[in-house]
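Here are my notes after going through this one. Have a look at the model first, then read on.

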Amino acid sequence: MKNLLIKIVRLYQKYISAGTPRSCRYHPTCSAYMIDAITYHGALKGTVMGVGRICRCHPFIKGGIDYVPKKFTLRRNKNEEYPGPYKVVQNKNR
């Protein structure tokens, strides 16, 4: 199920999103967020998080950096230093 949902989003990225001007107010884009959320949290929770993110992406929002949080939530991840679920945080004090 996860792979099918990711393929649908990739088809959207390749055939629909590529032909329109960039309009996402967040980084990563909403479609990339959806893929990361599905990969990290599973098909159901990831899809719900992705749809929630799409609902938050509108002209009246500030936008900015919003990576997929480690815990399931529909709210924005306000920790801008958090590098996302797949990158390793390196300690600079070593």
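This is a predicted model: local features need pLDDT of at least 70, side-chain atom pairs count only at pLDDT 80 or more; totals for chains, interfaces and linings use all residues.

Which elements do the buried residues of α3 pack against? Point 4 has the reply.

1. Ground rules. Numbering starts from 1 along each chain as its sequence is written, and side-chain values use heavy atoms, with hydrogens and water left out.

2. Overall layout. The protein has three helices and two strands, and from the N terminus on they run α-β-α-α-β. Buried residues make up 31% of the 94 residues; buried means under 20% relative accessible area, exposed over 50%, and partly exposed in between, with a 1.4 Å probe and protein chains only. The accessible surface comes to about 7,000 Å², and 58% of that belongs to carbon and sulfur atoms. Those areas come from the Shrake-Rupley method with a 1.4 Å probe, and for residues only the protein chains shown count as cover.

3. The core. Five residues make up the largest nonpolar core: Ile6, Val9, Met34, Ile35 and Ile38. Such a core is a set of buried Ala, Val, Leu, Ile, Met, Phe, Trp, Tyr and Cys residues joined through side-chain atoms within 4.5 Å. Both α1 (2-16) and α2 (30-41) supply at least two residues of this core, and α2 gives the most, with three. Leaving aside residues up to four places away in sequence, Ile35 touches Ile6, Val9, Arg10 and Gln13; contact here means heavy atoms within 4.5 Å.

4. Helix packing. As for the opening question, the buried residues of α3 pack against α1, β1 (26-27) and α2. They are Ala43, Gly46, Met49, Gly50, Gly52, Arg53 and Arg56. On α2, the buried set is Cys30, Ser31, Tyr33, Met34, Ile35, Ala37, Ile38 and His41, and these pack against α1 and α3 (43-56).

5. Helix lengths. The expected span is 1.5 Å times one less than the number of residues. For the twelve residues of α2 that gives 16 Å, and the end C-alpha atoms are 16 Å apart, which agrees. The 14 residues of α3 should span 20 Å, and the end C-alpha atoms are 20 Å apart, so that agrees too.

6. Backbone spots to look at. Most residues other than glycine have a negative phi, and most peptide bonds are trans. Just after α2, Gly42 takes a positive phi of about 100°. The peptide bond from His27 to Pro28 is cis, with omega near -5°; Pro28 is found in the loop between β1 and α2.

7. Links across the sequence. Residues 24 or more positions apart account for 58% of the contacts with a separation of 6 or more. His58, found in the loop between α3 and β2, counts as partly exposed at 32% relative accessibility. The C-alpha atoms of His58 and Cys24, 34 residues apart along the chain, are separated by 8.2 Å. Thr73 is found in the segment after β2 (64-65) and counts as partly exposed at 27% relative accessibility.

Note on methods:
Helices (H or I, at least four residues) and strands (E, at least two) are DSSP runs, numbered from the N terminus.
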